[in-house]
Amino acid sequence: MTIIDQGNGAAGPAAADLIKDTTTQSFMKDVIEESKRQPVLIDFWAEWCGPCKQLTPILEKAVKAAKGKVKLVKMNIDQHPAIPGQMGIQSIPAVIAFVNGQPADGFMGAVPESQLNAFIDKLTKGVTAPGEPNIAEILQEAEAVLAEGDPAAAAQIYAEVLQHDSTNIAALAGLAKCYAVSGAMEQAKQTLAMVPESKRNDPAVKAVQAAIDLAEQAEALGPVAELEQKVAANPLDHQARFDLATALNAQGNRAAATEQLLEIVKRDRKWNDDGARKQLVQFFEAWGGTDDATVEGRKRLSTILFS
């Protein structure tokens, strides 16, 4: 299991490793090749350029603050005119960002510090700094552990991510899902309550909310056997069939739950204001778009609706 190191860890990369001067001969190694590992900014400047002298300290400060997510390479265009000439640099200071060996973005002139920080934030979004945990990989691991049927272990991993980043939406949704799968609905709801209103439409958040809503619906229903007897006694009792589908889903019997709702749609599409189809869509949302039951259920629903 992945454990996120909560200690101080090693010091960040030294400034000498993050900021360097380059030449025409070393440009390929310093910029092109290095940008395949993390974004690289190249700063074209000259001794006579006043705005360059304003920009350089701000640029160096921002790069150091990024702690290794981006590197800065400086090129004096008077000493090394070939590269800026090839790139069409006509005024300085000019900063070009390289990512994966290619120019990705850039700006000209001595921009304010806030604009420069925003530029670097955009450039390094999703980039892991040296020594930092790879949150994306850890979240994938937690998801895999949960899929294997160990919500307690998955919850521990999600909780560790949240200790590192308390606002991580995927981790909040994942932890809430672990609680929901375990039947701890109050804890699941409390965890989802930590998600900001602006993020409530995130697919992972909506999926957990749908699962909680369905579980609470199922709590108010009778045993599956009694509902099955009601449906057998009266196949046109759509409410009993609807309740049976909800109860079957709560037991994890997704195929049977889908079957019951599809049967209502086939018999009476307009029943309860299209209630059976709406409930099926809520099932799909709770199960996730890539779940086999969702894929098969959507296919069968489409066949019925458009036949």
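1. Buried means under 20% relative accessible area, exposed means over 50%, and partly exposed lies in between, using a 1.4 Å probe and protein chains only. Asn 100 counts as exposed because its relative accessibility is 55%. This residue sits in the loop between β4 and β5 (102–108); helices (H or I, at least four residues) and strands (E, at least two) are DSSP runs, numbered from the N terminus.

2. This is a predicted model, in which local features need pLDDT of at least 70, side-chain atom pairs count only at pLDDT 80 or more, and totals for chains, interfaces and linings use all residues. Residues are numbered from 1 along each chain as its sequence is written, and side-chain values use heavy atoms, with hydrogens and water left out.

3. The predictor's confidence in each residue is pLDDT, from 0 to 100. The protein chain averages 89, and 92% of the residues score at least 70. Over residues 5–12 the pLDDT is below 50, and this stretch has 2 contacts in the model beyond near neighbours in sequence; contact means heavy atoms within 4.5 Å. Where pLDDT is low, the predicted coordinates should not be read in detail.

4. Some backbone angles deserve a check. Most residues other than glycine have a negative phi, and most peptide bonds are trans. Asn 100 has a positive phi of about 55°. Asp 273 also has a positive phi, near 55°, and is found in the loop between α13 (254–267) and α14. Asp 273 is exposed because its relative accessible area is 58%. The peptide bond from Ile 92 to Pro 93 is cis, with omega near 5°, and Pro 93 lies in the loop between α4 (82–86) and β4 (94–99).

5. How many disulfides does a search of the whole structure find? There is 1, a disulfide being a pair of cysteine sulfur atoms within 2.5 Å. Cys 49 and Cys 52 form it, with their sulfur atoms 2.3 Å apart. The link is right-handed, with 85° about the S-S bond, and both cysteines are buried.

6. Glu 113 lies in helix α5 (residues 113–123) and is partly exposed because its relative accessibility is 32%. Setting aside residues up to four places away in sequence, Glu 113 touches Ile 58 and Lys 61. The side chains of Glu 113 and Lys 61 are joined by a polar contact of 3.0 Å. Such a contact is a pair of N or O atoms within 3.5 Å; within protein, one must be able to donate a hydrogen and the other to accept it, and residues adjacent in sequence count only if both atoms are side-chain atoms.

7. Not counting residues up to four places away in sequence, Glu 60 touches Ile 19, Leu 72 and Lys 74.

8. The largest pocket holds about 1,100 Å³ of space. On a 1 Å grid over the protein atoms alone, a pocket is an open set of points where a 1.4 Å probe fits, with protein on both sides within 12 Å along at least five of seven lines; lining residues have an atom within 4 Å of a point. The pocket is lined by 31 residues, and Leu 146, Lys 177, Arg 254, Ala 286 and Trp 287 lie nearest its centre. α10 gives the most to this lining, with 7 residues.

Terms used:
Points joined across faces, edges and corners; volume = space filled by probe spheres on them.
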